[in-house]
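Please read it beside the coordinates.

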Amino acid sequence: MRIPPTRVLWRWLQRSTAVLVALTCVWLLSCYSLFINPPVYGPDYVASVDADAVVVLGGDSSERLPLAEELVAAGHAPVLAISRTDTPGNVDADRLCRRPAHISRACFEPDPLTTRGEARAFARLAADRNWDTVLVVTSDYHALRAFTNLRQCSDTRMVMVPSTPDHGLVGWLSRFVEETAALAATHLRPVCANQI
């Protein structure tokens, strides 16, 4: 007995939908694990680290900069290193970089204005200053990609300290898509062929 074509098509659609739903669930769980709850050291470990600098990456400086300043104020490092981007989301950090130079502050300018550019600029700064250990502050969704980019360019020991943004459902979904694509690109096309 021959199965009607519409029934074959219906079975194919059902199976395809089931596979698509399963893959979407796996992707969402992976995104939660990598971007909302990234694999970083806990607060107790961070509190025990004596670093050469606290590095705050560009982006939402109203979220990231206060955490970085708290770490410096608590004595975890003598220097606050700031990514200067002159972009709307980085106003607070850029304002600090416009102040007169100070021994406790270092600013670096990524070129291009991306995490990849930050990785290269940070690596040059860390090499120039002979930094062995740094605390790196960025948003939790960005921590894994930032660490991967920075590690490709520098052998400085980096401890990621994630700040927590306040995104709604749509905001998180767009972050998941962006970070998934960018993380894949980081592995397929490394930032630095050799560490700086």
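1. Basis. This is a predicted model: local features need pLDDT of at least 70, side-chain atom pairs count only at pLDDT 80 or more, and totals for chains, interfaces and linings use all residues. Residues are numbered from 1 along each chain as its sequence is written, and side-chain values use heavy atoms, with hydrogens and water left out.

2. Count and pattern. The whole structure holds two disulfides (a disulfide is a pair of cysteine sulfur atoms within 2.5 Å). With bonded cysteines counted along the chain, the pattern is 1-2, 3-4.

3. Cys-97 to Cys-107. The sulfur atoms sit 2.1 Å apart. The S-S torsion is about -100 degrees, so this disulfide is left-handed. Cys-97 belongs to helix H4 (residues 91–98) and Cys-107 to strand S3 (residues 105–108), so the bond ties together parts 10 residues apart in sequence. Helices (H or I, at least four residues) and strands (E, at least two) are DSSP runs, numbered from the N terminus. Cys-97 is buried at 11% relative accessibility; Cys-107 is partly exposed at 36%. Buried means under 20% relative accessible area, exposed over 50%, partly exposed in between (1.4 Å probe, protein chains only).

4. Cys-153 to Cys-192. Here the S to S distance is 1.9 Å. The torsion is about 85 degrees, so the disulfide is right-handed. Cys-153 lies in helix H6 (residues 143–153) and Cys-192 in the segment after helix H7 (169–188), so the pair links parts 39 residues apart in sequence. Both Cys-153 and Cys-192 are buried.

5. Cys-25 and Cys-31. The closest cysteine sulfur to that of Cys-25 is in Cys-31, 12 Å away, too far for a bond. Cys-25 is partly exposed at 42%, whereas Cys-31 is buried at 2%.
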